[in-house]
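Please look over the sequence and structure below before reading on.

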Amino acid sequence: FNYCINWENPVLPKRLEKIGLGAFVNCRKLKTLHIPASVVEIGNRSFANCSNLESITVEPGNPVYSCPDNCNAVVENGYWLILGCKNTVIPDGVQGIASGAFYGCADLIFMEIPESVKEIQYYVFDDCVNLKCLKLNNPVPASLDSESFADELYADVLLILPSGASLSYGSAEGWSNFGNTMEAVGGHEAEVDNVAGLLKHIIEE
């Protein structure tokens with residue numbers, strides 16, 4: 001189904017068990033995605049460059065995948081986020097973000113990454129051309145692949161860091177490539193919250 005450019009709201013069969021590698025790549029008008037309870041395998045970057053995807057749900061009872069707290073993402077085995085969209089809120093408890101999870105999410109502007117995340121794989125934010133800010137809640141930098149971000153994002157994206165974490169991020173592989181950071185220190189927590197809130201407001205508009 002890749003390059004089905006006019007497909008907006010597909011209905012996947014109830015008995016579908018597998019979504020193959022790159023199955024829906026470049027379905028650029030795809031807006032909503034509902035994963036049936038029968039699906040037990042989703043291939044790598046199955047929904048890459050689905051730039052208009054805005055709603056993701058998983059049918060209750062799926063033994064492998066879930067969408068906890070209506071997070072607009074597909075989470076594998078409760079801790080591995082494999083697919084997101086511009087409206088994703090990464091749930092606490094997610095430990096890793098899989099390869100290509102947000103690949104080609106052109107309308108993604110802001111993302112908050114919870115303290116539980118320990119690993120971010122390759123191509124996670126590749127081709128996220130409008131990404132402006134990441135709010136990071138773990139004072140210990142997550143393991144970051146050298147190709148998690150497109151090169152231009154290192155100059156364009158603002159990292160909002162936990163208090164006291166500038167040194168650890170500034171010396172961490174991958175994270176040290178970012179040129180713009182700010183830290184919640186002393187009285188600046190409100191300023192950081194305002195920046196994050198403004199970006200969230202832009203998304204909602």
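This is a predicted model: local features need pLDDT of at least 70, side-chain atom pairs count only at pLDDT 80 or more; totals for chains, interfaces and linings use all residues.

Residues are numbered from 1 along each chain as its sequence is written, and side-chain values use heavy atoms, with hydrogens and water left out.

**Nonpolar core**

- A nonpolar core is a set of buried Ala, Val, Leu, Ile, Met, Phe, Trp, Tyr and Cys residues joined through side-chain atoms within 4.5 Å; buried means under 20% relative accessible area, exposed over 50%, and partly exposed in between (1.4 Å probe, protein chains only).
- The largest such core has 59 residues, and F102, F125, L134, F149 and W175 touch the most other members.
- Elements giving two or more residues to this core include β2 (32–35), β9 (110–113), β11 (133–136), α1 (153–156) and β13 (158–161); helices (H or I, at least four residues) and strands (E, at least two) are DSSP runs numbered from the N terminus.
- β7 contributes the most, with four residues.

**Parallel sheet**

- Four strands make an open sheet, ordered β9-β11-β13-β14, with parallel pairing; two strands pair if DSSP finds at least two bridges between them.
- β9 and β14 (180–183) are the edge strands, each pairing on one side only.
- Three bridges join β11 and β13 in the parallel sense, and C133 has L158 in β13 as its bridge partner.

**Aromatic rings**

- Rings of Phe, Tyr and Trp (its six-membered ring) pair if their centres lie within 6.5 Å; planes under 30 degrees apart count as stacked, over 60 as edge-to-face and the rest as tilted.
- This rule gives eleven aromatic pairs.
- F24 and F47 are stacked, at 4.9 Å centre to centre with 0° between the planes.
- F102, F125, F149, Y154, Y169, W175 and F178 form one aromatic cluster.

**Loop residues with positive phi**

- D69, a residue other than glycine, has a positive phi near 55°; D69 lies in the loop between β5 (65–66) and β6 and is exposed at 73% relative accessible area.
- N77 also has a positive phi near 55°; N77 sits in the loop between β6 and β7 and is partly exposed at 45%.
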